[in-house]
Amino acid sequence: MKDFRKPKKHETLLWSIALPGFGQFLNGSLFKGSVFIFLEILVNVLSKFNLAILYSFQGEIQKAIDVTNLQWLMFYPCLYMFAIWDAYRNADGEVNSFSYIPFVFGAFFITIGLIYSTSLKIFGVIIGPVFLPMLSLVPGLLVGFIIYKLVIIYKT
């Protein structure tokens, strides 16, 4: 594999968003990538997440709530964000020792969004187990990046 190169950080980040484990494959970590893909499929199937996604995008939020096994789906945010961070961390380029902070806060806020996804109403509408966690990622990353910047400023 003379022409093998480590992928850039943005490349592994985007492939990991598509499917946890793909970024590890790009980085040459075949075993770790296989474990992440196996866990992704396991949690996805046991939580019935694909059905929840399907019903949510069809506007049938109550069906999405009813079909979802939230106890299994609660594993998903941390698994997903950890796989993305791991691929990002091991890709080509320097990584700050605090680069994990936005990923951790993203996972935390997604989990909180998932917890309240069956009861929280926004403008009188229940958003459900797909869209509320997705929307929760934005403030989670924002808080994570602010804390990351504060830690960097404080450490220097």
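Predicted model: local features only at pLDDT ≥ 70, side-chain atom pairs only at ≥ 80, totals over all residues.
## The chain as a whole

The chain contains nine helices and two strands, and, read along the sequence, these elements follow the pattern α-α-α-α-α-α-α-α-β-β-α. Taken along the principal axes, the box that the C-alpha atoms fill is roughly 50 × 40 × 20 Å.

Of the 156 residues in the chain, 37% are buried. Among the contacts with a separation of 6 or more, 63% are between residues 24 or more positions apart.

## Helix 7 against helix 8

The axes of helix 7 and helix 8 cross at roughly 165° and come within 9 Å. Because angles over 145 degrees count as roughly antiparallel, helix 7 is roughly antiparallel to helix 8. The crossing in which helix 7 passes helix 8 is right-handed.

On the side of helix 7, the contact is made by Pro77, Cys78, Met81, Ile84, Trp85 and Tyr88, while helix 8 contributes Tyr100, Phe103, Gly106, Ala107, Ile110, Thr111 and Leu114. Sorted by class, the residues of this contact comprise 11 nonpolar and two polar, with no charged residue.

## Helix 8 against helix 9

Helix 8 also packs with helix 9 (residues 128–155), at an angle of about 150° and with the two axes 6 Å apart. Helix 8 and helix 9 are therefore roughly antiparallel to each other, and helix 8 passes helix 9 in a right-handed crossing. The contact of helix 8 with helix 9 has 18 nonpolar and five polar residues, and again no charged residues.

Proline 102, a residue of helix 8, counts as buried because its relative accessibility is 4%. Leaving aside neighbours within four places in sequence, proline 102 is in contact with Gly140, Leu141, Gly144, Phe145 and Tyr148. One of these, phenylalanine 145, is 43 residues away from proline 102 along the chain, yet the C-alpha atoms of the two are separated by 5.3 Å.

Glutamine 24 is found in helix 2 (residues 22–26). Is glutamine 24 buried or exposed? With a relative accessible area of 1%, glutamine 24 is buried, the limit for that class being under 20%. Apart from its neighbours within four places in sequence, glutamine 24 is in contact with Ser16, Ser29, Lys32, Gly33, Phe36, Ala83, Asp86 and Ala87.

Tyrosine 55 lies in helix 4, and, when neighbours within four places in sequence are left aside, its contacts are Glu60, Ile61, Lys63, Ala64 and Val67. Between tyrosine 55 and phenylalanine 108, which are 53 residues apart along the chain, the separation of the C-alpha atoms is 24 Å.

## Two loop residues with positive phi

Lysine 48 has a positive phi of about 60° although it is not a glycine. The loop in which lysine 48 has its place is the one between helix 3 and helix 4. Because its relative accessibility is 43%, lysine 48 counts as partly exposed.

Phenylalanine 123 is likewise a residue other than glycine with a positive phi, in this case near 55°. Phenylalanine 123 is located in the loop between strand 1 (121–122) and strand 2 (125–126). How is phenylalanine 123 classed by its relative accessibility, buried or exposed? At 83%, phenylalanine 123 counts as exposed, since the limit for that class is over 50%.

Methods: Residues numbered from 1 in each chain as written. Heavy atoms only, no water. Helix = DSSP H or I, 4+ residues; strand = E, 2+ residues; numbered from the N terminus. Buried < 20%, exposed > 50% of the residue type's maximum accessible area, 1.4 Å probe, protein only. Contact = heavy atoms within 4.5 Å. Axes fitted to C-alpha atoms, helices over the stretch in contact; angles between N-to-C directions. Parallel < 35°, antiparallel > 145°, perpendicular 65-115°, else oblique. Left-handed = near helix turned anticlockwise from the far one by under 90°. Nonpolar A, V, L, I, M, F, W, Y, C, P; charged D, E, K, R; others polar.
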